[in-house]
Structure formats: C-alpha cells, structure tokens
Amino acid sequence: MTIRPSILTGSASLLLAVSAFAQQQQQKPSAPRYVSPIAQKQPVNSPTPKAITPDAEVVEDMVVRVNDQIISRSDYERAQQQLEGEITQNRLPPEDADKRRKDLLRDLIDQQLLISKGKELGVNADAEVVRRLDEIRKQNHFDSMEALEKAARDQGVSFEDFKASIRNNIITGEVVRNEVGRKLQMTHADELRYYNAHKNEFSQPEQIHLAEILIPTPATPTDADVAAAQKKADDVAAQLAGGAKFEDLAKTVSGGPTASQGGDLGMFKRGALAQVLEDKTFPLKAGENTAPIRTRQGFVILKVTEHIAAGVAPLEQIEPQVQEAMYSEQMNPALRAYLTRLREDAYIDLRPGYTDSGSSGRQTSFVFTAYTPPAPKKKANKSRFDTAKTGRLAQAPKDGAQLASLPLDKNGKPKKIKREKVRYGQAPRTALPAAPEDQVANTAPQQEAAPGTAIAPVDSNPLSQANADAAAAAAAANVDPLAPKAAVADHKSRYSAKQKEFEQAKVDRKIAFSREKAAAMPDAPHEEEVQSRKVQSSALGLNGDNAKKKKVKRKKGEEKKRIQQTVQAPSETQKEVNSQRNDDGTYKNPVPAGTGDTTNK
C-alpha cells in the first residue's frame, strides 16, 4: 500500500476516494451486501469454496481474519472490481496491473492492521468525518446533510458504507502520520543533495498565475450593451491604475464565477490559453494587469499574480515539491517495515487458496489438529514408613509369603504402629528398623585371648565407639580437649542478625555526609574581608550616630533603676500631707465623715 503525503494531509485524496467509491457503487447491483456482486463470474485468484449442502451456492465467506475483524469474500471481490476499473481508466501497463492485482489482498490486510492500531491508540475520527462530509456537501451545493444522503442513495451509493470508508481513511492516515511520518527526518542538507541529484525531475515550463475581472455582456449583445460594458471596463481599469486593489474590485464588480475568490483562475502553461490571451498575459510581470480584452462573455481584465520562468527553478521556490518527493521516497520503505512489525504482532488467519504478498517470515502460523484426549494419570504407589513389631519397614507386599510374615489387622492389611514416645537421651525401641542380617553376620568375631589374659569388653554402641575414636585422634594431634574453642562466625540469616550491618551502614552514611558537607562549605573569610565587612556595616554618621543603641549593662551590686521606680522630689503639698501621717501610715487628725474631702484617704 503506497500512501503519499498528499493523501495524509490534503483534501484532494478525499475527492478521489469519493469518485472511486461512487464508481464502485454504481457498478454494484442493488442487492444485499452479503450477496456476491459477481457470483456468476469468479475472479481468477479468488477460489470458490465448496458448499456445505449439495446443489447450493456460497454467497458469502471469510477470506482472512485480522485480529477482531474479517475481510469477507464480497469485500475482496468488490475491491477487485474497483481495481479493474482503475486499471482501465488509468491505462496502466500490464506489469503494473499484474502487480496491483497481486498486492490487492495485502493492501486490504494492511488497512485492517492500521485500523486495529488506531483503535489501540484511541484515535477518534467522528469529528473529522462530519467536517469532511460537510465539505462534500458545500462542494456539491446541497442545503443539508439529508439532501446529500438522498443524492447518494439516488445514485445507488450506500451512505453508511461511504461514511465508513471516509472514517477508515482518516484513521489509517492518522496512524501512519503519527507512527511513521513523524519519525522521518529531513534536513536542509538532505534537501539540497536530493535537489542536485534530481534536477531534471524538477524542470518545469513557463507558467503564469492569473486572476480576472469579467464585465459580462448578453448572449446576443447590441451595440448599446457592448458600449456600456466597455465603458464600465474602462472605469475599472482606471481605478486599477489609480491604486485600487484587484481582489476587492473582483469581488464587487466582476460578474464571473470566480468573483467570490477574488477572481483567482489558477496556473496556466503556454498553450493552455487562447492565443489572444496568451500573447497579452505572458509578456507581463508579476503584479501587472492587461487592458480590457473583448471576449464572447464580455470584457475581461487579467492580472498576472505569479510568473514562473521555464527551466529548473531555484530550491527556495520549489522546496515544498522537493520535500514531498523526499517524503514519498522515505515513506514507502518505512511504512512497509512498520506494517511488517504489525503483522508479526497480530493474529492473521488466511483462508487456504489465497496469497498474502506481504507476509513475514516471523509471522505466527496457526496449525489446527484434531482433539486428542490427555493420557490417564498413573496412580502413585504410596509407601508408608510403618514398621512392624519386628522393626522392619512395611512395604507393599508382592507375594503371599511376605504378606503372611507381617502382622495384619482384621481387614488383612499391615497394621500401623502407633507413634512412639522417645524420651531425651533414649533411643527408640520399636519404631526403628532392625539391622540388616548381612551386617550382623559380618560382624568381626572377638579375638581369642591367651590363657591368663583379660579380654577387653567390646562396646556395641556406635556412639561410644565414635567418641573413643575422636579422643584417640585428639591425643595423637596433641590437642587439649579442654582448651577454649575458637569463636565460630555467626551465619544467622534472621533479621536480628543484620542489625550490626544496618548500624554500620548508618555510620558510614553519616561519615560520607559529613565529608560532602565539609567539601561544600566555603573557605573561611580573610582578615581583610572581615575588616571591610565591619566598615561597610558601620553607620555613616551623616545625621549623628544612627547605630543601634546598646543596652547599658548594670554592674554587680548596683541598684536597679527603672522608669516606673524613678524617685522624684516631693512637692510642698506632698510634704504637708506627709507631715500629717504617723509612722504606721495613718493620719494624725482624721477628717470627719461627710466633709467630702477625700484627698488624703
């Protein structure tokens, strides 16, 4: 699938998709969607499935499943029919036509992969679908969306399928632009290198961009009509010569179909215009306009808005074309690599008889086999460490003789021995198996003692024998058994055993932090710096000493003096009052009650 930049960003692709979809739907008969439109004539590379019932015809079938979507047989045949129409219309050579037919199923799978990726990324195309449908409505001059839907239905086009096609194009374009297009990098040096290598491809003929102001005349004009139109055209030409804007006059005066666009006509090459118009417009420079020219429609004034000379234009003028060519050259392999990765991560089930030309070698292949029941599980033979009264290990008996030699219960099964209580320091007596007979038989016989000599008793306890051997080895090594033993490293794995490690790590962190802090501290100030700081912080002394007043420290033993306790000299009245007081503070001559004098109370 080849996706050009114009398809991703421009609106021209939408018109192409609309026309192709309309042609496709016009060729399709008015039948339900599940009915194959070309059931009588099967394509060469579309195998016919076998009907389940005899004398029946298959009208719908699944061609390929892509994740949670399917491509049906009718979809595939409809795409084939549309492809054949494009090949006939564009007159493609046989090689290109065969390649397009071969890659048809690959392109359909690629579209489904991109749609699935769009769903995964959460791409919502509803608003863009409405906007594009509104553009189509405006271009076809319909009053409402219902009128557009009715017109599509009258032409045999399914409006819902048409909307789904637009939505799929929007989703796939958004995924390609975000996942592939934005990862392509193009520098100015790359553009210059590509421009120098492909200069012949960018050569162009002489072209001019025209705008018009049309003063129309009737179909069968009279001399008065022609004179009136010419007078009006001369007035417009005079206004243009006086400095009026061509676009404004075109919108207000022009009677042509391009008046609402400011009279814009587009680009024209040599040979595309009438000889009279070509002779008067091509010699002009950009920004110049012609005098009124008489035509069958009336008097027209043409303005050259852009004049492109023949040959290879400079890179600055055709930089967008160079970028689009580079984008197309880099997009195709990058998009194919991205689609291959999507195939490797997707679930694709292709029906036998169809070929996917874009399949990957690392793509997951599915193998369907018949059901095979699992093998029955074998019962495990349980063996219990039960001992009989004889002390032997009770195993599953293999024959009747062994079964008869073991004590049995009332059901004929070996008896289970109860768990024996073993006291500390004592060996079990009934729960241990007996020693093997060959070990008892091979026990070394006691040495015969010579007449008149004593025989040392043989200790049958293996533990005492091991202690004796250890003592003999220690004596041979001249090691004091009572000497204190070296401390064994503690290999506990509990959390409490790691407390020392935690504390040591904490101490190490503190030391490292103190070192970092000391390294980050600035150097101590020099004596000159300290002195300069004192001078700068001292008072200037312009309006007296404005330094902060220091509190006078009281000497040791000096009387405390406060503002509230400041002793003032008594007045004459106070002296007289004090003379009337006794030593205890009472008055010598009390004032009689009711005199109203409360001064000395």
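Author: Two strands are said to pair if DSSP finds at least two bridges between them, and strands (E, at least two residues) and helices (H or I, at least four residues) are DSSP runs numbered from the N terminus. This is a predicted model, in which local features need pLDDT of at least 70 and side-chain atom pairs count only at pLDDT 80 or more, whereas totals for chains, interfaces and linings use all residues. Residues are numbered from 1 along each chain as its sequence is written, and side-chain values use heavy atoms, with hydrogens and water left out.

Strands of a sheet pair through backbone hydrogen bonds, in either a parallel or an antiparallel manner.

Strand E4 (residues 207-216) is joined to E5 by 5 bridges, the two running antiparallel. Within this pairing, glutamine 207 stands opposite lysine 269 of E5, and histidine 209 stands opposite methionine 267 of E5. Towards E7, E4 is joined by 10 bridges, again in an antiparallel arrangement, with alanine 211 facing lysine 303 of E7 across the pair.

Of the 10 residues of E4, 9 are buried, so the strand is largely enclosed by the rest of the structure; buried here means under 20% relative accessible area, exposed means over 50%, and partly exposed lies in between, with a 1.4 Å probe and protein chains only. Contact means heavy atoms within 4.5 Å, while axes are lines fitted to C-alpha atoms, for helices over the stretch in contact, and angles run from 0 to 180 degrees between N-to-C directions.

Strand E1 (residues 62-66) is joined to E9 by 3 bridges, the two strands running antiparallel, and arginine 65 stands opposite aspartate 349 of E9.

By the convention used, angles under 35 degrees count as roughly parallel, over 145 as roughly antiparallel, 65 to 115 as roughly perpendicular and the rest as oblique. From H5, Arg106, Ile109, Asp110, Leu113, Leu114 and Lys117 meet Arg336, Tyr338, Leu339, Leu342 and Arg343 of H13. This contact has 6 nonpolar, no polar and 5 charged residues, where Ala, Val, Leu, Ile, Met, Phe, Trp, Tyr, Cys and Pro count as nonpolar, Asp, Glu, Lys and Arg as charged, and the others, Gly among them, as polar.

Alanine 334, which is found in H13, counts as partly exposed at 23% relative accessibility. Leaving aside its neighbours within four places in sequence, alanine 334 is in contact with Val180 and Leu184, and its C-alpha atom is separated by 10.0 Å from that of valine 176, a residue 158 places away along the chain.

A further helix pair is formed by helix H6 (residues 126-139) and helix H8 (residues 159-179), which pack at about 120° with axes 10 Å apart, an angle that makes H6 oblique to H8. The residues in this contact include Val129, Leu133 and Ile136 of H6 and Phe162, Ile166 and Ile170 of H8, and the contact as a whole divides into 7 nonpolar, no polar and 5 charged residues.

Two loop residues complete the description. Most residues other than glycine have a negative phi. Arginine 91, in the loop between helix H3 (73-90) and helix H4 (94-102), has a positive phi of about 55° and is exposed, with a relative accessible area of 74%. Histidine 141, in the loop between H6 and helix H7 (145-154), has a positive phi near 60° and counts as exposed at 69% relative accessibility.
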